[in-house]
Every structure is written in structure tokens, then in C-alpha cells.
Amino acid sequence: MEDARVSVFGVRHLSPGGARHLLEYLDRVRPTAVLIEGPSDATDRIADLVHPSTVPPVALLAFTDEMPVRTALWPFAVYSPELQAMRWAAKNEVHCELIDLPSGAALALEELKQKSLLSRGRNGTTEQDETAANETKANEATDNGEGEIIDGGTRNDKQAGSIYDRIADLAGEHDYETYWERHYEHNANPEAYRDSILAFSAEMRSLGEERERAEQAEEHAYNHVREAYMRRQILKTIEAGHDPEKIVVVCGAYHASVLEHPAGGAMSDEELAAMPSRSSKLTLMPYSYYRLSSLSGYGAGNHAPHYFQMMWEAMEAGSPEELPRLYLSTAARLLRSSGTHRSTAEVIEAVRLAEGLASLHGGSMPTLLELRDAAQTLLGRGELSVVAEALARLDIGTDIGSLAEGVSQTPLQDDLNRELKRLKLTKYKSAVAADLSLDLRENRRVSSHESAFLDLNRSVLFHRLELLEIPFARNNTNGGDRAVWAEDWVIQWTPEAEIRVVESTLLGETVEIACAHRLREKLEACTSIAEASRLIGVSVRCGMTAQMEDGRRVLQALAADSRDVAQIASAAAELSRIIAYGDIRRTETAPLVPLLEQLFYRGCLYLSDAANCNDEAAYAMVAAMSDLNRIAQEHDEVVDVPMWSAELNELSERDDRNPKLSGFACALLLERGEMDAEQCAAEVSRRLSPGIPSDLGAGWFEGLSMRNRYALLSRMSLWEQLNDYINSLNNDEFKRALVFLRRAFSSFSPHEKTMIAETLGELWGVNAEQAAEVLTGDMKEEEDKMLDELNEFDFGDF
């Protein structure tokens, strides 16, 4: 046992060349056991991974079954050597298992490592960033941790990056990725491939370990624990009766040199018992090529996942030399589909150019860099922007994987998939964003109840996913532009959405149960009536009647002690909207009507007191008064409209309240027909008479001008009074008034400003059209300068 030596095949985890050579090696050795780097507790998921209906890219996802959720991912593309090894083992009925740390131990050790790094100030990760950091770092750990020498793809380690830059420089290559592709992906000699990658990784490991020991003790210890555990699993396979010479271990090349002799440094029973672990679960999930690409920030991915799939398919077809023609002809076809015509002759010349560039570097065929250069030169005619989109689709792709029906997932994943199928949304489970418009009204042209309310049920699901923060559907509806029965959504499936689905499993086994739990949490933590009313709206849109009632009770309790008119009015407006579209959503909203009545009453009761505020707070009060006025109009049979009218009258007459709000109250009364022309003229005369402080008079006019513009524009007496008032001000008073007047007129449309200018022209006895041209024209340089000086004027506290 001590001298036992197993066959180790080191790989880069996303390598079509590595996968091809590994399959040839397995065919030659014919092992009885294939042991693969990966979480050992996921061995029973191998059958699902190799299922004929499972379409890569897919990933194993581990997650803790307690809050806060920690996750780790192990992704597989169709050209992942590990996945191909699993398929070979299944096809040849050979024992196959994963031998790396169980997911719970990997999560626990990664968390300890991150905490150690944080305590030493070694990185900038915050507690809020920890989940994302754990996900990425656990993937890197699966690849081979910080020592991601051969198989890590895109590097984020700048300190080690210089080693790779130096390798590329010595090889005469543009970058390390090009060096790797030319010397390993294009290597057609199986034995030369395996021997060279083992020798290369052993040398790089010796260089990296010295740095790890000196500067990254946590990473070195983590790798040591993983390798000790993998050695232990190899020894268990030998003890089970497998000849060491018939055991093939597939692992990241970084680990290859230390796993050939498993007896040296294998983990003991005592060490295994002492190893930290988090309670966790495993599931499978579809993955995407975008996430695998370096653009997504995934450290152990590769920068061109779809390109490498094309390479793999060419290898499987036995004609890897066809890849340049396939790549460039596909690029030309994509350009043609977008309206940019390129001829067959240009494609042929591009292929020749790429092959010529490869020959200059001693390569057997072009690398991706040379294919891109040829595409830019011939197909883009020198401009990268012309071919950039086509090349991005070729290099990265929009592929998203899928799992075989019935493959074991979390209950919430299963429930969501059933809902997507029931609501005919499965086709939208794509990496390409799509627009979907919904009509929530009953469709009377169909026979079944399910079809009649299809869009409504889709809306309910989308709002539930929003509540769970699952980024599948994004509401793209502009509030004032669409009817209450219309919604617009942008739908796009991503691995992040799948991860959030899995994490939400801790809240409940179905989407509905998870939403109920999340709403209950939010209501228990709710401390404001505005938030409580928003949660009632969420409950209705999510079709959660019980939670709507819980929200009503919370809002009623909070409103009983509130005197904040702005919040009260906002909550009342939300209830008003809910009641208005309750029938469309087939929700019984009658229990909310008494609460709306109560909120409206309190808004009226405290209106005058709340209007004793500064100019900044007055803007929130204007919005509150608009909300209350709209409620009075739309629910006149429910709320106390006479009380609202009385409060508006009182506020319009008060001289000791914010003048803007008094003016706005006057505007609402005019709009409601509760102030006649004579009363309005008297109020204008009182508010804009000479001697009234400039900020009070101009502020009042600002409030008055916020509503019912055309009624104001037609009142000549108003503009006469305003003209006389302004003429009565001295220079300093005029400067103060000008601030309010500019703010008031800034919201007027150009047509309204022209009408005002023409009215003033009549008052001044000049040609109305000429007056309009002068007053609405561009200001002179000296006028601009005066306004700049005005901006620096000390107006004190308005």
C-alpha cells in the first residue's frame, strides 16, 4: 500500500484538448475505477450529470441549510474533462466517484479562510460580499485553489500574473491564454500532452508553494487539507479491491504530482473527525456560458466558452483543422444577419490570414487571437467595432444548460419549473432577454379558466419572484403610461436566478410558501406606515390574501399613532390604488376600505399642523395634498369629502402656514369648483398686494401655479395683480421674489410661457407678439451674469 502508485491525469478544468486526450488515455488504460476531483458527497449526482437529456453547461451547487446562506459552485461544460470522464465511466460501467472535500467541509474551510484574510486586512471583502466571494473562491478551490497554475483560466492574482506573463513572453506569445491554446489545446500527441502538462504543473507548483507558505498560509493550508482528503479517498478505493494500476485520478494539474503516491500524507481518521463542516445540501442547476466567461468575473472560467465548444465539436468530428473555417464563416453569417454583407472570398482570405499568422508563430493551426485578428482585418475591414458583436456571440455564446426532467433538485426548483410549464413560460428560460406584455383582464375568447387568466397568473408569479429577489422577470412598466390592467416585463434566465431559487428553499418548499415566509418577516420588521402599505400592495400583486390581511393589521396599528401627513397620504394613496385594481386581480379588497377611510381622516385632521413647515418639507406636503385630493375624488362615497374641503379652505386662508401650501390649497379649491372667481380675485389681491413680504407673496403664487394652469392663464386680474405686486418691490425684495417666481415658471410649458408673455404685453400696452418674442427669447450675456450673481445672494432661511 505504501508503494501504491495510481495513474493521474492532470487537466485544466475547461479544456477541450484535455478532454480529448483524457478519453484516449482511458480507452488505452481501461481502468476499473475513475476518481475525479469534485465534492465527494455529490457522487450520487453523477448519474444525473451524465443523463442523456442533461445538456451542459450545468453546475453542482452546494448551499448551507441555515441562514446566512453560503454557496459554492462546480460548473461543467460539455468539454470539461471531468464530465467526459464521468460519461466514459458510465458508458463502460466502471466505478466512478468524486473524491474532493465534501461540500460542507469546503464551505466551512472557505469561510474560515476568508475570515482569517479579513482579520489580517488582506482583502477588501465585506460581510455583505461574503456570499459572492464564497461562491467564486469555492470554485477556485475546486479548480485548485490559489495555485490555479494550469487549470484556472482567467487569473485574478496579480502577484502570480507576472509568472504567466513571463511564460508567454518567453514563448513569443501575446498572452498566456494564447500560449496555452497553441501548446496544449492544439497538441495532438496524447502522451506528449500528459507528460508535458504534468511536468509543467509540477514545476509551477514548486514556484507557487514557496510564495503560498510565505504570503498565503491560509491558501497553502487549504490546499494541503484537500489533497490529504483526496489521498484518503484514493486509498479507500484501493482497499476496496481495485488494482492501483487500474485506477485513474482526474484532477486539476496543480494537484497531480502529489496524488500519484496517495499513502504519503493521507488524512487520518482523527484529522477527518476534527475537520470543520457546515450543514449543507447539494443540487444541480443549469449554467450559462456567459457565467463561465471571464467577462462574468468567474475566476476559474475561461474567456471564450462557446469557442472552445466549437473546438470540441470539431475534435469529436475528427476534423479539428476545420475550426478556422467554421469560426470565420459563422462570423460572416452573423454579420450578414445584422445587415453587414461580407463575401465568401473575404472569408477565404480571412482563413488564409489566420493560418499565415499561426505559421509565423510555429503553430499547427490558428489560435483564437489570430482568428479574431483575421476577422477584424478582413471581415471588419480594420474596424473591431464592425465585428465586435458577432465575435462576442462566437466566443462567449448565449448557451444555457438544461437538466433532464425528473432530475433531483430542491423542492422549490421543482415547484418553479412546474409553474413555468403551467404558465407556458418555459421557452423564456433563456440567457437572451425577451419582452413580455401582459393583459391582466379576463380573456373571454378562450374556453378554459386557466387560459382566461393566463396573463394574470403570470403576473402573480413574476411579482412573487421579485419578492424573493430571484432575477428572472424585471417589471418594465412606467406607472403613468399604462393602464392598470397592463404590465410590461423583461425576462431573462441566469445562473444567478437559479442560485437565488436554491437559496429561497430555506424559506419554503414552494414559491408561494417562500413568499408567505418572506412577507411575514418583512411585516414583523415593519416600522413605518409607508412600508406597511407598500407590503400590502406586494401581497395583492403576489396573490397572497392572508398576508394582505396581516399587512392591514400592521398598518392600522402604526397609523393609530402617526401624525406624519406625508406618510399617511402616501399609505392612503397605495390603498386607493390597490382597491382600484382589486377586481382586475380578483382580490377581495373590501377589508381595506375602512382603513383607507381612517387614513384619509387622519390626513385631513393633521393637514393644517403639518403645513407649518419650511420650504423644503413643503414639497412632500404638496405631493401628500395631491394624493388626498385624488382619493377624495375617486372614493367620494367612502371618505369624508366635506372635511377635506373644510381643511383646504382653512389652509388657503391661513397666513401663518407655509405660503406655498396655502397657494396650493387655493389651486385645489379652484380645481374642485369650490372657489369662485370673486373669491379667487380677493385672495390674489390679499396675497399679492404691495407690502406683503416678497418670499410670502411669490411663494404663495408658486403654490397657486402648481395646478389648473389654463384656468390661471385666462384670469387677467391675476396677472394684473402679480404685475402690480412685482412693481412694488424694491431691488432686494425683487431678488428674493425672483427665486420663487423662477421656480414657479420653470415647470410651465413653452406654450404656457408664450401665453403669459402675450398677456403681460397687453398689460404693458405693447404688441403682444413682440412681448412674447422678447420675454421667451434667449437671455443676454449681462442678464446671465446677473442671474449668476443672484445664485450667490444670501437669502437667509426661507
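User: At roughly what angle do the axes of helix α28 and helix α29 cross?
Analyst: This is a predicted model, to begin with. In it, the two axes cross at roughly 145°. They come within 10 Å. Helix α28 covers residues 615-634, and helix α29 covers residues 641-653.
User: Is the crossing of α28 and α29 left-handed or right-handed?
Analyst: Left-handed.
User: Which residues make that contact?
Analyst: From α28, Met 625, Leu 628, Asn 629 and Ala 632. From α29, Val 641, Trp 644, Leu 648 and Leu 651. Seven of the contact residues are nonpolar and one is polar. None is charged.
User: New topic. In what order do the three strands of the open sheet run?
Analyst: The order is β4-β3-β7, with antiparallel pairing.
User: Which strands stand at the edges?
Analyst: β4 (71-76) and β7 (280-286). Each has a single partner strand, so one side of each lacks a neighbour in the sheet.
User: How much are neighbouring strands turned against each other?
Analyst: By 20° on average, ignoring direction.
User: Which helix packs on the sheet?
Analyst: Helix α21, residues 495-504. It touches β3, β4 and β7. Its direction makes about 150° with that of β7.
User: Back to the pairing. How many bridges join β3 and β4?
Analyst: Six, in the antiparallel sense. Strand β3 is residues 58-64. Ala 59 has Pro 75 of β4 as its bridge partner. Leu 60 stands opposite Trp 74 in β4.
User: Is β4 mostly covered or open?
Analyst: Mostly covered: six of its six residues are buried.
User: Let's jump to α1. How many of its residues are buried?
Analyst: 11 of the 14, so α1 is largely enclosed by the rest of the structure. The buried residues include Arg 20, His 21, Leu 22 and Tyr 25.
User: What span should α1 have, and how far apart are its ends?
Analyst: Helix α1 runs over residues 16-29. At 1.5 Å a residue, its 14 residues should span 20 Å. The end C-alpha atoms are 20 Å apart, which agrees.
User: What comes just after α1?
Analyst: Arg 30, with a positive phi of about 55°.

Notes:
Residues are numbered from 1 along each chain as its sequence is written. This is a predicted model: local features need pLDDT of at least 70, side-chain atom pairs count only at pLDDT 80 or more; totals for chains, interfaces and linings use all residues. Side-chain values use heavy atoms; hydrogens and water are left out. Axes are lines fitted to C-alpha atoms, for helices over the stretch in contact, and angles run from 0 to 180 degrees between N-to-C directions. Helices (H or I, at least four residues) and strands (E, at least two) are DSSP runs, numbered from the N terminus. A crossing is left-handed if the near helix is turned anticlockwise from the far one by less than a right angle, and right-handed if clockwise. Contact means heavy atoms within 4.5 Å. Ala, Val, Leu, Ile, Met, Phe, Trp, Tyr, Cys and Pro count as nonpolar, Asp, Glu, Lys and Arg as charged, and the others, Gly among them, as polar. Two strands pair if DSSP finds at least two bridges between them. The expected span of a helix is 1.5 Å times one less than its number of residues. Buried means under 20% relative accessible area, exposed over 50%, partly exposed in between (1.4 Å probe, protein chains only).
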